[in-house]
Amino acid sequence: MKTLLKIFSLFLIFIVASCEDVVDIPLDESEARLVVEASILYYKGSENNIQQIRLTETAAFYDEEIPPVENATVKIISEEGIEYNFIHTSEGYYINEDLKPNLGESYELEIVYNDEVYTATETMMSVTDIDFIEQTETGGFSGEEIEVKVFYTDPVDEPNYYLFIFRNDKISLEIYEDKFTDGNQIFGYYSNEDITPGDIIDIEMYGISKSYYEYLFILRAQIGENSGGPFETQPATVKGNVINQTNKENYPFGYFHLSEVDTTTYIVE
Amino acid sequence: MKQNFRLFILACCFAFTSFAQENYTLSGTITDASSNETLIGVNVLIPSLNTGVVTNEYGFYSLKVPEGTYDLVISYLGFQTISENIRISSETSLNFKLNKSSEFLDEIVINQSSDGLNIQKPQMSLNKLSINTIKKMPVVFGEVDVIKSLLLLPGVSNAGEGSSGFNVRGGAVDQNLILLDEATIYNSSHLFGFFSVFNPDAIKDLKLYKGGIPAKYGGRVSSVLDIYQRDGNSREFKMQGGIGVISSRLLAEGPIVKDKGSFLIGGRSSYAHLFLKFTDNENSAYFYDLNTKLSYRLDDKNKLLFSGYFGRDVFSLSRNFKNTYGNTVLNLRWNHIFSTNIFSNLSVIYSDYYYGLTLGFVGFNWDSGIKNINLKYDFDHYLNDTFQLKYGLQNTYYDFNPGEIEPIDETSGINYFKLKNKYAVETAVYLSAEHNISNKISAEYGLRYSGFYRLGPDEISTYENDTPVVYNEDRDIYEEAEAIGTQTYESDEIISSFGNFEPRFSIAYSFNDNQSVKASYNRMAQYLHLISNTSSPTPLDVWTPSGPFIDPQILDQYAFGYFRNFKEGTYSLEAETFYKKIRNRIDYVNGANLIANNNIERVILNGKSRAYGLEILFRKNEGRFTGWLAYTLSRAEQKTPGRTPVETGINSGGWYKSNYDKTHDISITASYEVSKKWELNANFNFQTGLPSTFPTAQYNYKNITVPVYSQRNSNRLPAYHRLDLSANYNPNISSEKDFKSSWSFGIYNIYNRKNAYSLTFKENSDTGVNEAVRLSLFGIIPSVTYNFSF
């Protein structure tokens, strides 16, 4: 009876007889564009310098396959002019094993694909350490969902931006700025209804630039649950920092960034 | 500017003197005999002189007539017409009390003479609904809703079920001036938008001006919804109330001093959250509001009115999330009759909108709001039978709190942060004339001058080239500029000032008693902006004043209409076309973060909007079967071009459809009186689907599927339609007993149409396949409401 009453009231107030179903909506198709996923990472304490860049193309929305780009030339050039060539292995992944980016230094990405030259420039961003992880069970709609809080101490008196990637079955990107938390011990937050004890969550904390933060801010608003309905922002074309120097109209998607990463694994209790 | 202002005042004085004439004045107040409630819009006619007037918002009328003996006819919807022979040989004051027509308690008979006046009066683009009509319409959950009922009239729409506010003739939600007893209401929605804040039992009269807006009103560019609360019964104590699925109501009214003073107090609250309490559930969502009114007639010439409104919405999800918001309004008015032909009302109004949010898991409280104090002095001046003036002045002081963040406790990682309060003063003077130029032509023309002063203390960032938003040509995105300095303003120092002349003009040409054409033009200025980049505003959105980087919105609207009564007013037809354009409509760059942003100027661009359309309203006003057919064909668009040729602006700088644009909007509302006790009602609604943006491609980034969107709002949701039915049962309508009760049974969306509230394009997290997911809000919903009065 209790449950019934609860369900009744929730039904009434929050969901008001709403229902979700999959519908068949035909869509227009736009021309294929290059998609650049160039995340150059340095994992704290790691000796491994293997870097990879993924190049793909956009596909029709309902397609199940994403076409990889396999015949591009990819390189990264340091401030001193050292060139790091990325070699295609398979499925659009390009590998270099020598690039160990220096904090605060700027790098240029250059891609030649279909006779067009794409470039992007970014600075290697540092990140503070993960202090500790706390688990609580007061999250979500029910107030009983498992929450994982990854604490870190924000460096004081400078603007910092963070990207957290949580991976268990699903992948979740969380981004933070320190506008209201400057210099404090604060946390990255992960909670969803599917977390259960015993789950292993891979956690990565990236230091990112302001412009990458802004890029991810727009990107996040376009994906999954965050779109549609009267209280959502307008969908937008998410433009990254890779520029087609040959033909501006044929702009690519994706982003080139360099981040220091602190990483850990957490087993849900 | 000062020079212009002086000229304007001079013109006012000239107008008063030049039309003075020797005639006797007949004036007075018209009230409901059963409650002494003043009646708005009562027709007072002298057929032999072919002259007449309607009572104003306070029940007052005044007519200039030459000496003689006349038949005076006083008529009002749902009341018995009074016809009296009077002799005028001096200044005469006559108050009348009207008795409810016993035969038709439901006000279904519209008196023909009232429509006759509508034909001849210059006012057009006016939506009027009596509160009785509103009360019997079928509505979702049986919750009588003023705004949802207005949506059934032409020219009024919203951004879908459950969206907040309403849109008038392609205008945005924040462009509606909503007045409750002359006080501004900043947010008209309960539960985000499922219900509106007005308690129907407390309302006496409402009018929605869509165009041809009189000079008396200003400060918003799209429409004026002018609602008056009842004064309360000064003859006897009365109670009424109702029990519904979502909320219950109770209202008490009665005399303080018999026939002189009255009170009214009404409350309404939702109560589903009480059930949640029984279940130890910490989640909660409820709203309540309280309407109060005190009125006291000092003597024949003076009356004091005090009214108040307080409403709150509260949501909480366990300890993690708590959200409170609502309006508070206090208002003291003094009606004074200077002479038999000059009526005045002085109002002192305080109104505030509060929004509070607690996010437990992040550890902060957030407060924001707007407060204002408003002084208004309005005059109705009845010069002669063909000329009536309205003039007045207004002064409003605003205090904006854009936001304050505080940590909940010491363990919170949040720092205290306060966005600077903003201050402003808005002033206006207006003069407006209603002029019957000839038997066939009447006009209403006026001028309003509005001024707006943004005041210190404040600190305003300065930017290179005065450009707070920088266009990054390489990436084709807009970025926030860095401030190059700060300019500090002392308390009450003027930061920026604006002034606008707002001419208003309407004219009617009557072919005969039953047919007329009308045309109108109005310019209006709006100095406040609701900062919102969601499809429909949320309660969290903050109001911001015009200032160094934000210009006032300026509207020009043209409307033309044809009006006709058939069969002595049994049927009526109104057809109007309109065109309007608004300058300085703010638009937001992609990714604009508007919450707790001290520098909104860095994420906005200056755009414009336009709307045009055709509205048709065909009504059957008399008989057992009444109702209307409303059709609107319209387009509402917005455009924000780049500031230089290389810039692309928003949406490539082209026109794009507003979020609430609907090409076709048809509603049919019908009511049939089966017997004295039973009445059946129906409405049917068909609307073109709302604009939406569908993806044209997808890509993968960090193992996440990202849809690619192209032109904004270039697609549409599927068409929206539904049919609602209701039956009202009045078992003891003819009984002599004081206690009366009624039942209302309703079914919303009877054929259970799954109307799309939104379409979401996303990856199915189980299958990994992309799909379009339709969310539909209200399926078939039965409801029952019990009402009583004694």
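Modeller: One word first: a residue counts as buried if 20 or more other C-beta atoms lie within 10 Å of its own. Keep in mind that this is a predicted model.

Biologist: How do you know how far to trust chain A?

Modeller: Look at pLDDT, the predictor's confidence in each residue, from 0 to 100. The mean for chain A is 87, and 88% of its residues reach 70 or more. Residues 1–15 of chain A are another story: their pLDDT is below 50, though the stretch has 15 contacts in the model beyond near neighbours in sequence. Where pLDDT is low, the predicted coordinates should not be read in detail.

Biologist: What are the two chains built from?

Modeller: Chain A has two helices and 16 strands, while chain B has five helices and 53 strands.

Biologist: How do you know whether the length of helix 2 of chain A agrees with its number of residues?

Modeller: Helix 2 covers residues 210–222, which makes 13 residues. The rule is 1.5 Å times one less than the number of residues, so the helix should span 18 Å. Its end C-alpha atoms are 19 Å apart, and that agrees.

Biologist: Which residues of that helix are buried, and what do they pack against?

Modeller: The buried ones are A:Tyr212, A:Glu214, A:Tyr215, A:Leu216, A:Ile218, A:Leu219 and A:Gln222. They pack against strands 11, 12, 14 and 16 of chain A, together with strand 47 (704–709) of chain B. As background, an α-helix has 3.6 residues a turn, so residues three or four places apart point the same way.

Biologist: What makes a set of residues a nonpolar core?

Modeller: They must be buried, come from a list of residue types such as Val, Leu and Tyr, and be joined through C-beta atoms within 7 Å. The largest such core here has 191 residues, and those with the most contacts inside it include A:Val36, A:Tyr162, A:Met205 and B:Leu63. Strand 28 (residues 422–436) of chain B gives the largest share of this core, six residues. There is also a second, separate core of eight residues, with B:Phe192 and B:Phe287 among them.

Biologist: Which residues does A:Tyr162 touch, leaving aside its neighbours within four places in sequence?

Modeller: Its contacts include A:Ile175, A:Gly188, A:Met205 and A:Ile208.

Biologist: Why is chain B's radius of gyration said to agree with a compact globule?

Modeller: Because a compact globule with 790 residues would have a value near 28 Å, and chain B has 27 Å. Its C-alpha trace spans about 90 × 65 × 50 Å along the principal axes.

Biologist: Why are strand 12 and strand 17 of chain B called a pair?

Modeller: Pairing needs at least two bridges. Strand 12 (residues 176–180) and strand 17 (residues 223–229) of chain B have five, in the parallel sense, so they pair. One bridge partner to find is B:Ser223 in strand 17, which goes with B:Asn176.

Biologist: How do strand 50 and strand 53 of chain B run relative to each other?

Modeller: Antiparallel, over nine bridges. Within that pairing, B:Ser742 has B:Asn787 as its partner.

Notes
Residues numbered from 1 in each chain as written. Chains lettered and ligands numbered in written order. Predicted model: local features only at pLDDT ≥ 70, side-chain atom pairs only at ≥ 80, totals over all residues. Helix = DSSP H or I, 4+ residues; strand = E, 2+ residues; numbered from the N terminus. Buried ≥ 20, exposed ≤ 12 C-beta atoms within 10 Å, placed from the backbone. Contact = placed C-beta atoms within 7 Å. Rg over C-alpha atoms; globule rule 2.2 N^0.38 Å.
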